[in-house]
Amino acid sequence: MLRLFAGLAAVVALALALGGCASLVSKGEPARDVRKSSERKLAPDFELKDVNGKTIRLSDYRGQVVLLNFWATWCGPCKIEIPWFVEFQRTFKDRGFTVIGVSVDEDGWEAVRPFLAARQVNYPVVIATPEVETRYGGVEALPMSFLIDRDGRIASTHVGLVTKKTYEDEIRQLLD
């Protein structure tokens, strides 16, 4: 009986963790190819500070494939994706790839800094401003990610949790 209760409690805890941003999370999108080059729009540029105070400009990454990920420390699906992104950064960085995390945490670095340290995030992370969120169409659901090609154009957009394989396939498509 105690084992059943513990199992039930674990399921409820997981549901609450994911439900914390459930109203903001879609079920994700099925795997698909990236948009044709002719259909891609230029990603809005921004200039924000990272955890060390270094200025991060999206346009400085022109020539690289960029996974731009809007996330928050309280978002369950975001916590699932972040280890994938750490792995992608390690695996693909020498091929001209980077992840840029854009936190939408209202508490800013106070919430984000310890989160990054605990997860050993190895890519640049910045704190969103309302202007940046608006330039990306408003961030009404998390996670929200844009895969940007070497010309600075948005090749795919994902709202909600998608599979690791979907991201990996798209990254490989843009790197090859």
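Okay, ground rules. It's a predicted model, so local features need pLDDT of at least 70 and side-chain atom pairs count only at pLDDT 80 or more, while totals for chains, interfaces and linings use all residues. Numbering starts from 1 along each chain as its sequence is written, and side-chain values use heavy atoms, with hydrogens and water left out.

So, the fold. The protein chain has five helices and eight strands, taken as DSSP runs numbered from the N terminus (helices are H or I, at least four residues; strands are E, at least two). Six strands make an open sheet in the order E1-E8-E7-E4-E5-E6, with mixed pairing; two strands pair if DSSP finds at least two bridges between them. Strands E1 (41-42) and E6 (125-127) are at the edges with a single partner strand each, so one side of each has no neighbour in the sheet. Helix H3 (residues 109-119) packs on this sheet, touching E4 (65-71), E5 (97-103) and E6, and its direction makes about 165° with that of E6. Contact there means heavy atoms within 4.5 Å, and axes are lines fitted to C-alpha atoms, for helices over the stretch in contact, with angles from 0 to 180 degrees between N-to-C directions.

Now the residue I'd like you to look at: glutamate 81, in helix H2 (residues 76-92). Glutamate 81 is buried but has no salt bridge, and the nearest side chain of opposite charge, arginine 119, is 12 Å away. Buried is under 20% relative accessible area, exposed is over 50%, partly exposed is in between (1.4 Å probe, protein chains only). For charge, Lys and Arg count as positive, Asp and Glu as negative, and His and the chain ends are not counted. A salt bridge is a side-chain nitrogen of Lys or Arg within 4 Å of a carboxyl oxygen of Asp or Glu. What does the side chain of glutamate 81 make a polar contact with? The side chain of tyrosine 167, at 3.1 Å. That term means N or O atoms within 3.5 Å; within protein, one must be able to donate a hydrogen and the other to accept it, and residues adjacent in sequence count only if both atoms are side-chain atoms.

Lysine 164 meets glutamate 87 at 2.8 Å, N to O. That pair links distant parts of the chain, helix H5 (residues 164-175) and helix H2, 77 residues apart. There's also a network linking Glu47, Arg57 and Asp60.
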